[in-house]
Amino acid sequence: MAPLRAWGRASLVTALVLVGACTAKLGETDGTTGSGGPNGGGSHVGGGGVVEKPTSFSPAVMRRLNRVEYNNTVRDLLGTELRPADAFPVDDLGGGFPTVGSSLSLSPAYVINYEASAHALIDDLFSSETRWAQHVPCAIDTEGDACATSVLREFARKAWRRPVTDDEVTSLLHPLRVAEAEGFTPTDGLRHALAAVLLSPYFIFKVEVSPDQLDGYELATRLSYSLWGTMPDEALLQAAAAGELLEDDGLAAQVDRMLADDRAKAFLDNFAARWLDYHDLEKHEVNADVFAEFTPELGEAMKQEANRFIYDALISDAPVSDMLTAQHTYVNEQLAAHYGITEPPPAGVTPGEFWRVDTSAANRGGLLTLGALLTHTSLTSRTSPVKRGDFVLKHLLCGEIPPPPPEVEGIPDSGAAANETLRERMERHSSDPACSGCHKVMDPIGFGLENFDGIGRFRTHDGAKEVDATGTLPDEVHFEGALELAAILSTDERFPFCLTKHFMTYSIGRVLKGNVDEAWAQYLTQQAVAEGGSLRSIIKNVILSEAFRRRAVE
Amino acid sequence: MDKTRRKLAEARLRSRRRFLQTAGVTITLPLLPSLMWERRASAQTDACDKPKRFVAYMFGNGVHKAEFKPAGSGSTAFNVSGDDWQLPAPLRTWEDLKSDIVFVSGLENMERRREAGDHGLGCGALLTARMPTREKPRSSMSVDQAIADKIQECHSGVHSLQLGTHSVGYHDGWGTFYTQNISWRGEVIRNADGTVTFPHGDATPLGKENDPRAVFDRLFAGYDPNESEAEAARRRALRKSVLDTIVPHGDSLRNRLSVEDRAKLDELFTGIRSLELEIEAGHGANCMPPEQPRMGLTNNDAFRDQLNTMHDLMVVALQCDITRVITFMQTDPISDRNFSYIPGVNGAGGVTSDHAGSHHSGDPAMIEQYRAMVNWKMEQIGSFIRKMKEATDIDGGPLLDNSLVWVGSEIGDGDAHDHQDLSVITAGKLGGLVTTDRHVRFPPGGWRDYDKVKTYGDFYLTLLDLFGVQATGFGDDGVEAITWHR
């Protein structure tokens, strides 16, 4: 297998570390990364050579279902249209993802919501004779405990994602006893017992108790939530029961099956939208006097665009860097108008539907010019080259830029020349020694994206003056515009490496730290790149690794 | 058939969510004080001498500190009242509230421990006086939770509410658990002499509720004035059977988990116990639910409507005695909400949003804009305190008189990002324990003279004492109670 090319942009690392007041960390990881951002860079980056397979790693903390996972799970378990978790308090992030155990707290407010939700879900199930009969195929009021026992055993097996013990089934009969004593019907009792299944820690948490290697069911759960954001289906549970998931071939076959399944689209909202930070785009606020065109609907359309664009990468064998250099995107009528794409939609496209367009004529490219990314890295009334530069470094290259000191966004108007562009004002601003260190790193990258306004439209002018979209990367590589920047980044080995790290954090559920995790990420990236470097190969290498399949190795 | 049953179920999920979705009017609360307390008397007796309420009201992104101090705030300590102090300019709309407040200035919180990420640091320490930890939620019991625990010894009902207006993950390098929450639960040690200790360790941030409709549900769902007590008891027994069912699951699982996993499991069962208490208390029975609020989120200044509605719900929750402790985040720190609709927000520096506007870099036009933003926030907070003052309590007096509302931000000066010479405002007399209409100044001391500096931790020791909690210390630096309340 070919060694990973020598992490050739090492000079960039050096440049970043040496930049004045800015202690940007691209070359170290010490576990102190804030939980909102990606994990630190690789200490071995720049070292070159083949990376050996690491031999140890630390355990993750038990995870509860997050809001998205909860909604998806009850949808698949009960066939409900209710989305109870929308009302739960927001999940905190770890390493940028709401799947990290140590960051997913469970305050009393969640428990109040869990209980209300459990009752509402069972009431909803009861409200549909068809669905109720699927779960309760016997006559509870005449057959009593015999019916309840079989119903609860099967329901708990699905809900808890594993076979249940006799003791556990017996414990679930308690509400039927109370119902009896208080003069309620057996049906009332059973409804409360079913609700108890949904309030149990075995449902709320992705329980893992195997001491080292995950058992088949634990692995099925990890796999299912990583790729589908929901509970395992019957095929996966059967594979777990048959021991197939413990074998490389069996596990790989399931990954292929699951990625090919439509449910893999959940991966986009769960992983991609967090990796690239566009998850809450519809809540992005703008100053309507400046950006009247931006509405929550447009934000939603931009999210759809990004999801569809990244889905292509998920089902393709092309290297992930192709996302950067792509010459296409997806638009609906609203987004096409927004981007100034005049080419009419192909025949048969219905209103609101998305279609694929070639972007070369519209001065747009791939990932970097997605409306979602350009908008969420802007302020309410203008672009923010700082945020855009920071985004490229942190989210695409996994560099760590320290949080801003005071006086970042405000650009004094005093001394402003008439008709000054934002770039000109900011260049004056970053001559302030207190800020200049980081700004010298971040701003020149963001400047290169100035051809796109605060809501992602291509522009040639900022106010009356022409945009200067020349930019500079920290290692003094110069470029002009988004397309050239994308071409440069597409050759940077840190891009696939950074994607691997994000996927590891998300799927294993813990903030990566220390040299051991770095080594795993490097080793797995190397394996994936040797196989062509597609998104699928990254996912598969992580999932097939011990880092994913074992709980801890000392 | 299916359709009808489904409708019933949906109605239950959104049970009393009777908010109209149409744009426009904010809520009015047609409360009937006589009805309010009628049921309560028959339901349970209240062991507290007199109800005391606590609200912590946090606003984001600091103030323009040069102006946010009453005249005469220098380097010496003083405690003045009445005509001897005047409201600072940003509180110009508070003249009618001056007699209800104490302005406390010169305090410090974490300045000496500063690291990059001032908003997250200050927000994490806001009610805990604990320095955040980068990797995971570590802290100790926040002051509101310590107060709520004490109150629950004599008042059954909702332990406390954590409310806000959004949670969109703003952060500055610290975890979102420090920027989306201000209430924390941690370990409590009850000492033999009656004092309590709040050790530092893994702690649970209490996620907040942002949707006024969900808050309304929480307060009034399940309340049926026509149900008999016997019927209600039967219903409660069956509901509690669900909680009892899962207890053995926890017991069996606990033995097979690591220490850290066990802590997560315990969070679930802490919540289960607290829910049990709420079910027993049967809250919502103390007053007639107010008419459903209407709210529209379509206007440019929908944020103001959301604030108004939340303010009304907080007042009604306290007035109906459903809970006695609330924390409220007007925005999350670093919030960059659009503020272009506020008069005086002029687009200086090319920005019109909250956080971006707070960094004025000394530019006069940007300071003017930031001033307008801070004034607007103060106007909203003033309107909440006014509602507390206008609401009638059980004793016939203003609700505010039996309450203490704490107002503060996660940082001091919005532009300079500091944590020293901070100002907090308290409103309310707490049943006579607090003497209002005063400015109490502690000498800010400066960066190298921390021995003389008084901290939020010190302030909270006094606050806890006012609620009957004798703590052995508070946070990283709360060592002695200080006099700000009289």
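Me: Which residue of chain A forms a salt bridge with B:Arg239?
Reply: That's A:Glu115, with the closest N and O atoms 2.7 Å apart. Keep in mind that this is a predicted model.

Me: OK. How many salt bridges are there between chain A and chain B?
Reply: The count is 3. There are also 25 residue pairs in polar contact between chain A and chain B, both residues being at pLDDT 80 or more.

Me: And which element gives the largest share of the side of chain A that touches chain B?
Reply: α3(A) does, with 11 residues. Elements giving two or more residues to that side include α4 (129-135), α8 (174-182) and α9 (186-199) of chain A.

Me: How much area do the two chains bury between them?
Reply: About 7,100 Å², with 59% of it on carbon and sulfur atoms. Chain A puts 87 residues into the contact and chain B puts in 81.

Me: Switching topic: how many helices and strands does chain A have?
Reply: Chain A has 26 helices and 8 strands. Of its 554 residues, 64% count as buried.

Me: Which residues have the most contacts inside the largest nonpolar core?
Reply: A:Trp275, A:Leu367 and A:Leu396, in a core of 102 residues. Helix α15 (residues 296-314) of chain A gives the most to this core, 9 residues.

Me: What is A:Leu396 in contact with, beyond four places in sequence?
Reply: Its partners include A:Trp275 and A:Leu367, along with A:Phe391, A:Arg494 and A:Cys498. Another core, of 60 residues, lies apart from the largest one, and A:Met62 and A:Leu106 are among its members.

Conventions: Residues are numbered from 1 along each chain as its sequence is written. Chains are lettered from A and ligands numbered from 1 in the order in which they are written. This is a predicted model: local features need pLDDT of at least 70, side-chain atom pairs count only at pLDDT 80 or more; totals for chains, interfaces and linings use all residues. Side-chain values use heavy atoms; hydrogens and water are left out. Helices (H or I, at least four residues) and strands (E, at least two) are DSSP runs, numbered from the N terminus. Buried means under 20% relative accessible area, exposed over 50%, partly exposed in between (1.4 Å probe, protein chains only). A nonpolar core is a set of buried Ala, Val, Leu, Ile, Met, Phe, Trp, Tyr and Cys residues joined through side-chain atoms within 4.5 Å. Contact means heavy atoms within 4.5 Å. Buried area is the accessible area (1.4 Å probe) that two parts lose on being put together, summed over both. A salt bridge is a side-chain nitrogen of Lys or Arg within 4 Å of a carboxyl oxygen of Asp or Glu. A polar contact is a pair of N or O atoms within 3.5 Å; within protein, one must be able to donate a hydrogen and the other to accept it, and residues adjacent in sequence count only if both atoms are side-chain atoms.
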